[in-house]
Structures are given as structure tokens and as C-alpha cells.
Amino acid sequence: MLSVLVSNYTYLLTSLLLVIGLYGMIGKRNLAKKLIGLTIFQTAIFLFYIQGATHPGATVPVWDPRWGSSAAQYINPLPHVLILTAIVVSVAIMGVALALLIAIYRCYGTLDEAVLLERMRHS
Amino acid sequence: MNHLPILIPAALLFAAFLIPLAGLWRKNLASAVALTGSGLAAACSMTGLWVVLSEAKLRYRLGGWPQPIGIEYVLDPLAAFVVTVVTFLGFLSLIYFRLSIQHEVPDRFVTAHALALLLLAGLSGMIVTGDLFNLFVFLEIASLSAYALVAIGDQRAPVAAFRYLILGSLGGSFYVLGVGFLYFATGSLNMADVAQRLPAIYDSRAVAAAATLIAVAMALKMGLFPLHLWLPDAYSYAPSAVGGLIPPVMTKVAGYVLIRIFLDVFQPPYLKNHLPIISIIAWLACAGIIFGSIMAIAQNDLRRMLAYSSVSQIAYVGLGLGMAHPLGLVGALLHILNHAFMKGCLFFVAGAIRYRTGWVEISRLKGLGRKMPWTLAAFTVAALSMIGVPPAAGFFSKWYLLIGAIEIGNGWFVAAILLSSLLNAAYFFRVLENVYGDASSNEKEKSQAVDPPLSMLAPILILAGGILALGLLNFVIVAQVLMPIAENFYRG
């Protein structure tokens, strides 16, 4: 049991982060905290890809005659490249979200979801 | 000819970047560039559909890299069919766009055009790509432009857009997570390659996790009940022109991705023997069809009614996929086409009424039928088609779904389809009764209301005519395009 935990600890930590992010998105009433939850959730996914790319004893994916041309000697570079793209996407999402939050705050003077719904009904 | 798959998103992306530049110089030039870009993309899609049907499917290798290593774009009959629907509807709604945007949000004129083109580029990219991760990038391009387009509506729109953003990005994240599981299980991201490697590891739990995550992701993006919470607000607070652009195509493309990934990558044997996930989708869709229709009856805002009706109609696509039967799939694909035409027409009319009167409440539309005869005649055609009155297109997609449900012997599905037709009739007849009913309570402002200008009326009439034409031509479409696609998937 313990050995399973130890050998899979990266997965466990990733899942923990995923759950924290999901809780932030669903459980929190403040819209800014929902956005923070989304960011944590996305970061957990980045970590999931990155830890899937490594394996014990492997080195940076730059060809070196000392290590030979066996793929097992190198870290898989593809997930890193994918995650670079995903980070760009998540930055764009955050930019749009922050702009929306500013627009909401200017209009209603609050980011609390319950208060916001109340004020939307009366406007 | 081999470049057609890339030309469709490329024309749209290029136009999207040109629009802000053109808009700096002359505002109306932005609209001209948008029309040219989307017209080109629609022409490429139609040529593509023709080529693919008469010859073989087109594959385009990006950067010339061989197939499993590089990204490839694939135009097969399914992709060509859906991309044609999307770009054609996009082109029509851009004709409609100019006056409507100028009327409601004039200071966002150029940005809105650029975002509309980016949205279409993202959607068409999602359809033609043959790479799982590339699909995610296009998905986010389309989603981000959709959030921004919704947000330029009235003052409640940013709140709706933010909720859409949180749930939409959650969907996007689930999708990447699912693709991550698939990638680490198979070592590939190319759809055709993954499909070849999957049967050997069908029993793996990572594959089951991937299937579940992707299904949840796309259900969120589709607004499949009970994950539709973002949809009604986003559709009803967005500018009217955006209402003619996003609802007809956006959720359908998510439905297409669901079909593509489950039938093309995971393939029917996996769904049949290993993970019954599409049956769950079918049951949720069944609930969504009824729920959406009942909620639509309760609305007084015309656009909100149409939004809930979309929740119900997109569920038909889920139901058709979930039946795991060729006829169900034919019904789902035909419904993607028919519903795009019907919802496009209905939202265009809602926008035109708002353009002329400023209202969207159903109870205030009394007597409009005589003031805006062409507009509301088109509305009537689309409404009858939604209900499923035979000569109109909507009848035939429901017909194939119904036959599919009878073939697999599921009485609940049959009941849901029939009941939803009744409920559709209930909420559309309420609108029709108002617009053609007694005009004695006519208010003075309404006497000014006439049919909208030609650039708004033409797309409405084209779609209304299209609904009747599709109804008459549906046998050709089913026999030539859809039946071969469906039989190809369920051959094994």
C-alpha cells in the first residue's frame, strides 16, 4: 500500500491540486477566487504532463554521444512543448477573465456572486 | 486541391488579422474583409465537400512532416459536411452582422467583426484537424472569441461571459487532461494513429479515464444537460448579431468533436464492450430534451426561450450518438445541419425584431405579424420546422432519430422525442399566437416597425428558404453524404 503511494506520489499531488482547483471554482462565491481555482486546476494539468515526461535516469533531450541514441536515455520533450502552448492558452484565458472581472466590478461594484445576482435582478 | 483542408481555417484567420488594420482606415472595410474571408472559407468548404464525396478524403501535412510525427489536417466526408454547415452559416451571419452590431454596440464594430472571424477560424480548425492537441488549441481560440463576443452585449453580459468562461475553460481543461491520458497510454496525438494503437490497450484504466474526461469536457462545451448552466444567460445577454452566430454552430461543433473522438478514435467496439459512456450521454440527452423544452415554455424573453430550446435541440445530437446505431447517427448529423438553419433563422428574426422595436418580450410582440410580414413568415417556417411539421427540414432529422430509437427498441427515447415535439409546439404556438393575434392592444411605437433592411432580411429569407429546400432534398443528403458516413463507422 505504502509503496503504491510512494511510487505514485506525483499523481496524488496532481489530483490534490485538481481537487483544490475544482473546489475553488465551484465552492467559492467570489468570482476572483473562482478564477484562482481555474488557474490552480490548469496548473495541475501542466504538472501532470510534465511528470509524465520524465523517467528515472534520463537526461535533457539534447543528443549527446555519451548517452547514445536510445530514447530511454532522454526525457520526452513533447509534453513540455505541448504545455508551453497550454500555458499560452491559459494566460490568454486569464487575461480575458480579468478584463471581464474589471467590467463586472465597474458596473456592479462587487465580485461576490450572491450580491451580484441580487443587483442584476434590480437593475 | 490538396491544400483545401488548411485553406479553410487559414482564410478565416488571415481575415481576422486583416480586419483591425482595415478598420483603422475605414470602418466599413472591416465588414467587407470579414465577408470576403468567410465567403472564401465557405467556398473552400463546399469545394472540399464536393471533392471529398466524388474522390477520396484529403490529408494535408503541416510543414511536410510525415503523418504520426507532424500535425495533419484531414477533410473526410464527416468533417467536410460539418465545416460546410459552419462556414455557410458563418457567412450568412456576417452579412447580418453589420447593421445589427452598428445598431446595438457601434463602438465595438471592428472588434466584433475580428472576433467573429476568429471564432469561425477556431471552429473550422476544430473540425478539420486530425491531431488531438491541435484540436485543443483551436477549441480555445473559438472559446476565447466566444467569451469576448458575449461580453460586448448589454450590462449583464460580462457576468454571463464570466460564467461561460469558467465552465468553458473547465471543459477545455478536462479535454487536455483526457488527451494527456491518451497520449501517455498510446504515445501518439494523431487521431488515426491513436485509433490504430488503442484496440491493444482497450482494457487499460487510463483509456477509460481519457474517454470519461473527454466526454465530460465536450458535454460542458455542448451545453448538454445538466452541464448547460452557462448557456441561457450567454445566449440571451449577447448582442443580437452574436446570437445569430454562436448558437447555430458553436455547440454543434462540440457535438461533432464528441462524434469524431468516440466513433473515429475510440471506435464503436470500445463503446460497446468496454465503457458504456455514450449510453450515459444518451440518457442525459433524453432528460435534456424534456428539460430544455419545459424551461423554454416558461420564458417570456424570446431569446431566452430560444436559448432553452437550444439546450433541448443539442441534446438530439447527443441522443443520436448515444443510440450507437447508424440511423441515430444519421439523425444526429442531419439535425446538426437542420438545427443550424432553424436556430440561425430564429435568432436572426429575434435580432431583427429588436432592431426595429427594441423589444424581446414575447407578450409585447402582438400584431407584429402584419407589420413585419416577411420576417415573421420566415419565423413561422422555422418554428414549424422546429415542431416537426413534415415538409420542413426539422421533421426529417426527428424522423431518423425516431426510427433509430425504434430499431434499438428503446421506448423511453421514442417517448422523449415525441413528447418534445409536443412541448416545442406549445412554446412556438404561444409566440405565433402573439404575433399573428389581435393587434388591438397595439402600442403607438410599433406602427413604425417594418421589415428590416435587405442585408438583415436576406439571410433570414435564405435560411427560411433553406429549411424548405433541405426538407425536400433531405433524401439526397442522407443517401449521398450521411448514410455512407454512418455505415462506415458502424461497419465493424
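Predicted model: local features only at pLDDT ≥ 70, side-chain atom pairs only at ≥ 80, totals over all residues.

Q: Okay, then how do the axes of α14 and α17 in chain B cross?
A: Helix α14(B), residues 326-357, and helix α17(B), residues 393-407, have axes that come within 8 Å and cross at roughly 160°. Angles over 145 degrees count as roughly antiparallel, so α14(B) and α17(B) are roughly antiparallel to each other.

Q: Left-handed or right-handed crossing?
A: Left-handed, as α14(B) passes α17(B).

Q: Which residues make the contact?
A: From α14(B), they include L327(B), G331(B), L334(B), H335(B), N338(B) and F341(B). On the α17(B) side you'll find, among them, F396(B), S397(B), Y400(B), L401(B) and E407(B).

Q: And how does that contact divide by class?
A: Ten nonpolar, seven polar and one charged.

Q: Switching to the two chains: how many residues of chain B are in contact with chain A?
A: 22 residues of chain B, and they touch 26 residues of chain A.

Q: Which elements of chain B give two or more residues to that side?
A: α5(B), residues 132-151, and α6(B). The largest share, 13 residues, comes from α6(B). By class, the chain B side has 16 nonpolar, four polar and two charged residues.

Q: What about α4(A) and α6(B), how do their axes cross?
A: The axes of α4(A), residues 78-108, and α6(B), residues 157-186, come within 9 Å and cross at roughly 160°. That makes this pair roughly antiparallel too, and α4(A) passes α6(B) in a left-handed crossing.

Q: Which residues make that contact?
A: Among those of α4(A) are I93(A), V96(A), L100(A), L101(A) and I104(A). α6(B) brings residues including P158(B), F162(B), L165(B), S169(B) and V176(B). The tally is 15 nonpolar, one polar and no charged residues.

Q: Now the strands. How many bridges join β1(B) to β2(B)?
A: Four, and the two strands run antiparallel. β1(B) covers residues 58-61, and R59(B) stands opposite V74(B) in β2(B).

Q: Which way do the β2(B) residues point, and are they buried or exposed?
A: In β2(B), residues 72-75, E72(B) and V74(B) point one way, while Y73(B) and L75(B) point the other. All of them are buried. In a regular strand the side chains alternate between the two faces of the sheet.

Note on methods:
Residues numbered from 1 in each chain as written. Chains lettered and ligands numbered in written order. Buried ≥ 20, exposed ≤ 12 C-beta atoms within 10 Å, placed from the backbone. Pairing = 2+ DSSP bridges. Axes fitted to C-alpha atoms, helices over the stretch in contact; angles between N-to-C directions. Parallel < 35°, antiparallel > 145°, perpendicular 65-115°, else oblique. Left-handed = near helix turned anticlockwise from the far one by under 90°. Contact = placed C-beta atoms within 7 Å. Nonpolar A, V, L, I, M, F, W, Y, C, P; charged D, E, K, R; others polar.
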